[in-house]
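Me: I would like to go through this structure with you step by step. Could you keep the answers plain?
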Amino acid sequence: MTKSPAARPGSSPVRRVAAVAGAAVLAGTAAVCAPGVAYSAPRVTAAAATGFRDCPPLPDGVDPTRWKCEVHTAAPRLALGNATVNLAPITMTHAEGPMPDGRNGQVWGAMHSSPTAVPGGLSGTPVGDRAAVLRLAIQPEYGGRSDFYTGQFSLRFRLLGPLVPHGCTIGAGAPIDFQMKRSGPSKWVSQDPPVIEFSAYDDTFAAPAAGHCGPLTGALNHRLGLPAATGNLLSYDASYTFTTYDQLATNHDDKEQKGGNLSH
């Protein structure tokens, strides 16, 4: 997910203006993707999940024409310990651009996700899928660190279920840090609106034990094979879109004006 050029249709290659943003839809597969091959999922129009409503305020003194709000959504394939899950789509929004002193700047916006059932539930058997009380789900949460220029971000994974205590989380003490690598070149698929596709993966991170799980802590970690120093994988296809902050303000003003006209 490090910055790299994407060929713009009908023109010479240009610098990628974002590291991650867009939309992908989950598609089931039977096996874990090999390292270096992103989990393949069909894509839809970028920013379909949230639009630009999560764009964060800009730092003081920056030029809004040179700052972009970027929206990225992907449906990852996650192998964590001995559990493998096709996660529901994750949408992340952030802003980036030059600071007044010329340094690269970034501002975190928001992340949206939803739970995904873990096959086998708490028991790791078909009974865990059939018995509602034994069901287990996993939901990614922002871990508080991100650097989309270099492809770094952190996540925690909350565990959910009828018997699972509130707050039970993989990475409860410290989040999992990902260093995403590209599986191939980026590709422009649309200029208006701008949509760029890419694939990325990380197969080098360590998966910590689950914590804050009360009396189920030991059983859950045994069930999920945690902690796991190796053999983990986060892999996905994604797309991203962006808009500059001057355009964001113009679009907002246009919508307000249209709304006012309709009310009279």
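Me: Which residues does Leu80 touch, not counting residues up to four places away in sequence?
Reply: This is a predicted model, in which local features need pLDDT of at least 70 and side-chain atom pairs count only at pLDDT 80 or more, while totals for chains, interfaces and linings use all residues. Residues are numbered from 1 along each chain as its sequence is written, and side-chain values use heavy atoms, with hydrogens and water left out. Leaving aside residues up to four places away in sequence, Leu80 touches Ile138, Phe157, Ile170, Ile176, Phe205, Ala207, Leu224, Leu226 and Asn232. Contact here means heavy atoms within 4.5 Å.

Me: And how many residues has the largest nonpolar core?
Reply: The largest nonpolar core has 41 residues, and Leu80 is one of those with the most contacts inside it. Such a core is a set of buried Ala, Val, Leu, Ile, Met, Phe, Trp, Tyr and Cys residues joined through side-chain atoms within 4.5 Å. Buried means under 20% relative accessible area, exposed means over 50%, and partly exposed lies in between (1.4 Å probe, protein chains only).

Me: Which strand gives the largest share of this core?
Reply: Strand 16 does, with 5 residues. Strands and helices are DSSP runs numbered from the N terminus: helices are H or I with at least four residues, strands are E with at least two.

Me: New topic: how many disulfides are there?
Reply: The count comes to 2 disulfides, a disulfide being a pair of cysteine sulfur atoms within 2.5 Å. Cys55 and Cys69 form one, with sulfur atoms 2.0 Å apart. Cys168 and Cys213 form another, with sulfur atoms 1.9 Å apart.

Me: Left-handed or right-handed, for Cys168 and Cys213?
Reply: The torsion about the S-S bond of Cys168 and Cys213 is about 80°, so this disulfide is right-handed. For Cys55 and Cys69 the torsion is about -95°, so that disulfide is left-handed.

Me: What about His166, buried or exposed?
Reply: His166 counts as exposed, at 78% relative accessibility. This residue is placed in the loop between strand 9 and strand 10 (169–170). His166 touches Arg158 and His212, again not counting residues up to four places away in sequence.

Me: Last one: what does the side chain of Ser199 make a polar contact with?
Reply: The partner is the side chain of Asp237, at 2.5 Å. A polar contact is a pair of N or O atoms within 3.5 Å; within protein, one must be able to donate a hydrogen and the other to accept it, and residues adjacent in sequence count only if both atoms are side-chain atoms. Ser199 lies in strand 14 (residues 194–202) and is buried, with a relative accessible area of 17%.
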